[in-house]
Amino acid sequence: MRVLGISGSLRRDSHNMALLRHAGELIEAQGAEFAVYDGLREVPLYDEDLDAEVPAAAVTEIRAAVREADAVLFATPEYNSSIPGGLKNGIDWLSRPSLTESALRDKPVAVIGASTGVFGAVWAQAELRRVLGATGARVIDDEVAVGRAPEQFDEHGRLDDEHLVDQMRQITGALLAETESGQLAELAA
Amino acid sequence: MSTTTDTYALPTGTWSVDKVHSNVGFGIDYMAGTFTGTFSDIEAAVTNGVLKGSTRVASVQVKDPNLEAHLQSPEFFDAQRHPELTFESRSIERSADQVKIDGEVTIKGHTEPVTITGVISDPIADPYGGERFGLTLETAVDRDRFGISWNNPLPSGEPALANEVKISVDLQLSKQED
């Protein structure tokens, strides 16, 4: 089973990227593969004129990365009470050209988030779950909200709050269980 | 509950649906009106007084292909995991041409009891040398109970889509040889 991680923050020392990598370790500890997709900044702004049979290489790449993954884990910061434009833009490309052909259709997905403020990007996470639902994804109804992010990571870039790590184990476990139950259902069909 | 009464509430023997002349539809309050749809791929049969029916989620028809795809996604019926909606009667009462059917409906993997009311017609000879009777049925279910909770707020903050879904079923059932 392969899980793809996508961070909504592009910053080099991003807390959400650290969160995603820690989640990746927990996913690997549960027996699945994990890889981070890091091409979000290369994806052009969505423009239907560019949404041709052969779109930009970065679009082909993000669509292929999501299609080839069995599940996707998103980590998002919160910009102006919502999700970063770049992340929304990537999802808009993934959802095209139609809901039946969306790369996210029926894809198990989960959302976690970190912010420098106290609330841990809860509004952005709720918004992202709503957006992912609209693309046809199978959204895990749970969250991990890491507030005051600069204080939450140890020198290795891992969360050092055991309560938050437990929440991370839960949400990654739920994502893997959802993915596995879908694969079993497909085998049975 | 008397099994004898139940058995004879519907014509005896086996009757199966004439798909072309039958219809399964739904209606739900949406914004200022009613959003309606149908399922084109249906199965139904009456066997010894028990009515069973099912529809394929993939055959849902509304007036926009994108909405049809949305209805099949995990936010609504989740066609990938739950490809069928099913119904099975538990007891059927009849008084003149009125019927009341208690049974169980399964949508998105959730099974709930449901009471259906409707009208039955007595068997007639059809032009194809067979016999058929009709059932016109109606019920309402709360979609929330089946895990279908999608909504969007109106500017007032009120939800755009109601919870109660009216289901209407028109069946013509033809007699099968024993």
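How are helix 2 of chain A and helix 3 of chain A oriented to each other? The views below take that up first, then move on through this predicted model.

**View 1. Helix 2 of chain A against helix 3 of chain A.** Here the two axes come within 10 Å and cross at roughly 75°. Angles of 65 to 115 degrees count as roughly perpendicular, and helix 2 and helix 3 of chain A are therefore roughly perpendicular to each other. From helix 2 of chain A come A:Val59, A:Ile62, A:Arg63 and A:Val66, and they meet A:Gly90, A:Trp93 and A:Leu94 in helix 3 of chain A. Sorted by type, the residues of this contact split into 5 nonpolar, 1 polar and 1 charged.

**View 2. Helix 1 of chain A crossing helix 5 of chain A.** Now we're looking at residues 15-29 (helix 1) and residues 162-188 (helix 5) of chain A, whose axes come within 10 Å and cross at roughly 60°. That angle makes helix 1 of chain A oblique to helix 5 of chain A. As for handedness, helix 1 of chain A passes helix 5 of chain A in a right-handed crossing. On the helix 1 side, look for A:His22, A:Ala23, A:Leu26 and A:Ile27; their partners in helix 5 of chain A are A:Met168, A:Arg169, A:Thr172 and A:Leu176. The tally for this contact is 5 nonpolar, 2 polar and 1 charged.

**View 3. The largest nonpolar core.** This core has 50 residues, and those with the most contacts inside it are A:Val72, A:Leu73, A:Val109 and A:Ile112. Among the elements of chain A that give it two or more residues are strand 1 (2-7), strand 3 (71-76), strand 4 (108-114) and helix 4 (122-134). Helix 1 of chain A gives the most, with 7 residues.

**View 4. Zooming in on A:Ile112.** Leaving out residues up to four places away in sequence, A:Ile112 touches A:Leu19, A:Ala23, A:Leu73, A:Ala75, A:Glu143, A:Val144, A:Met168 and A:Ile171.

**View 5. A second, separate core.** This one has 30 residues, including B:Val17, B:Phe39, B:Val169 and B:Leu171.

**View 6. Where chain B touches chain A.** To finish, here's the contact between the chains: 8 residues of chain B are in contact with 10 residues of chain A. On the chain B side, the residues divide into 2 nonpolar, 4 polar and 2 charged.

Terms used. Residues numbered from 1 in each chain as written. Chains lettered and ligands numbered in written order. Predicted model: local features only at pLDDT ≥ 70, side-chain atom pairs only at ≥ 80, totals over all residues. Axes fitted to C-alpha atoms, helices over the stretch in contact; angles between N-to-C directions. Helix = DSSP H or I, 4+ residues; strand = E, 2+ residues; numbered from the N terminus. Parallel < 35°, antiparallel > 145°, perpendicular 65-115°, else oblique. Left-handed = near helix turned anticlockwise from the far one by under 90°. Contact = placed C-beta atoms within 7 Å. Nonpolar A, V, L, I, M, F, W, Y, C, P; charged D, E, K, R; others polar. Core = buried A, V, L, I, M, F, W, Y, C linked by C-beta atoms within 7 Å. Buried ≥ 20, exposed ≤ 12 C-beta atoms within 10 Å, placed from the backbone.
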